[in-house]
Amino acid sequence: MNKKVKLFGMAVALSSMVFAAGCGKSEEAKSTEASGGKGGGESVSVVLKTLSSPYWKYVEAGAKAAGEELGVDVTVVGPSSEAEVIQQVNMLEDQVSQGPGAVVVSPTQPETVVPVLEKAAKDMPVLLIDSDADFDGKTTFIGTENFSAGQEGGKLLASMLKKGDKVVLIAGALGNPATDTRIKGAKEALEAAGMVVVAEQPADSDKAKAMSVMENILQNNKDVKGVFAANDDMAIGALRAIEAKGLKDVKVMGVDGTMEAVESIIAGKLAASVAQSPYNMGYAGVENAVKAMKGEKIEERIDSGIDLITKENADKQLEFLKSIAK
């Protein structure tokens, strides 16, 4: 594997700071900080795709840790699910109207939010994390090289199978560039290794929808041997459908390296996960927003890195995730 989580050490060090900051606080204080990390007089607004999944909770934790460390107010918002595109646009407009020093955004459908981003970029630094978008005035994009993440995941899944085996691809919400690109990378790697893709369907990055999608696919493809899902929630949903059918030896893997996925890998259920660095994305998003607010030069593209999580290294990943979840 060529790519590693580049900022892993920084995140581990920061996790102890986050834990210490959380100790001894009243329940009222903790409740207040659920939507905003309190720092100094300057502010950064972070608008995510949702706050309803573990992956985005890690992004939120990283953003708030950066706010505490750097002394800036950080507000993190996100819609109820990744399918709520218009809700995210409304949230972004609301945050921009409040005049923060900078805004950090992970757009679900880039083309939908570009007009708002272009307008905001005239008055403040606008940084993108996880998913990129093309617009005038963008400060930087911080995130995973999603095609490479999918490609590395596809290669790993193919190594667990044999030539000619049937595989399924489960994508996120239609038009989501991050999950779409992961699927493209995985498909290229799987087909290059001789696998046969028998189905490719979206499931909106949702566990329950992925289970339903997989149930439908299995009606006509009971001999599937592998599944690549564009995130871990969908991988777990697909796995549940497979287990309900009583099928054995189907290799299922996802992307994100969430705690639930890592625990499933340790238990011998999920085969693997392509771990992103959501905590690092959140931290680096706020960190670079503060730099931009000060007029410092920012790189146009910052790769937050990936790692492949299998049973061999899952225990170490779980320990790390627990440390940042405190």
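Which residue with a positive phi follows H9? Gly246 does, with a phi near 75°.

This is a predicted model, in which local features need pLDDT of at least 70, side-chain atom pairs count only at pLDDT 80 or more, and totals for chains, interfaces and linings use all residues. Residues are numbered from 1 along each chain as its sequence is written, and side-chain values use heavy atoms, with hydrogens and water left out.

The protein chain has an average pLDDT (the predictor's confidence in each residue, from 0 to 100) of 88, and 87% of the residues score at least 70. Over residues 1–35 the pLDDT stays under 50.

Helices here are DSSP runs of H or I with at least four residues, numbered from the N terminus. H9 covers residues 232–244; its end C-alpha atoms are 18 Å apart, which agrees with the 18 Å that its 13 residues should span at 1.5 Å a residue. The expected span is 1.5 Å times one less than the number of residues. At the N-terminal end, Asn231 caps H9 through a side-chain oxygen 3.4 Å from the backbone nitrogen of Asp233. Ten of the 13 residues of H9 are buried (under 20% relative accessible area, 1.4 Å probe, protein chains only), among them Asp232, Asp233 and Met234.

| Item | Value |
|---|---|
| Volume of the second largest cavity | about 90 Å³ |
| Lining of the second largest cavity | 13 residues |
| Share of H7 in that lining | three residues |

Trp56, Glu82, Thr179, Arg182 and Asp256 lie nearest the centre of this cavity (a set of points on a 1 Å grid where a 1.4 Å probe fits but cannot get out; lining residues have an atom within 4 Å of a point).

Key
Contact means heavy atoms within 4.5 Å. Helices (H or I, at least four residues) and strands (E, at least two) are DSSP runs, numbered from the N terminus. Buried means under 20% relative accessible area, exposed over 50%, partly exposed in between (1.4 Å probe, protein chains only). A polar contact is a pair of N or O atoms within 3.5 Å; within protein, one must be able to donate a hydrogen and the other to accept it, and residues adjacent in sequence count only if both atoms are side-chain atoms. On a 1 Å grid over the protein atoms alone, a cavity is a set of points where a 1.4 Å probe fits but cannot get out, and a pocket is an open set with protein on both sides within 12 Å along at least five of seven lines; lining residues have an atom within 4 Å of a point. Grid points are joined across faces, edges and corners, and a volume is the space filled by probe spheres set on the points.
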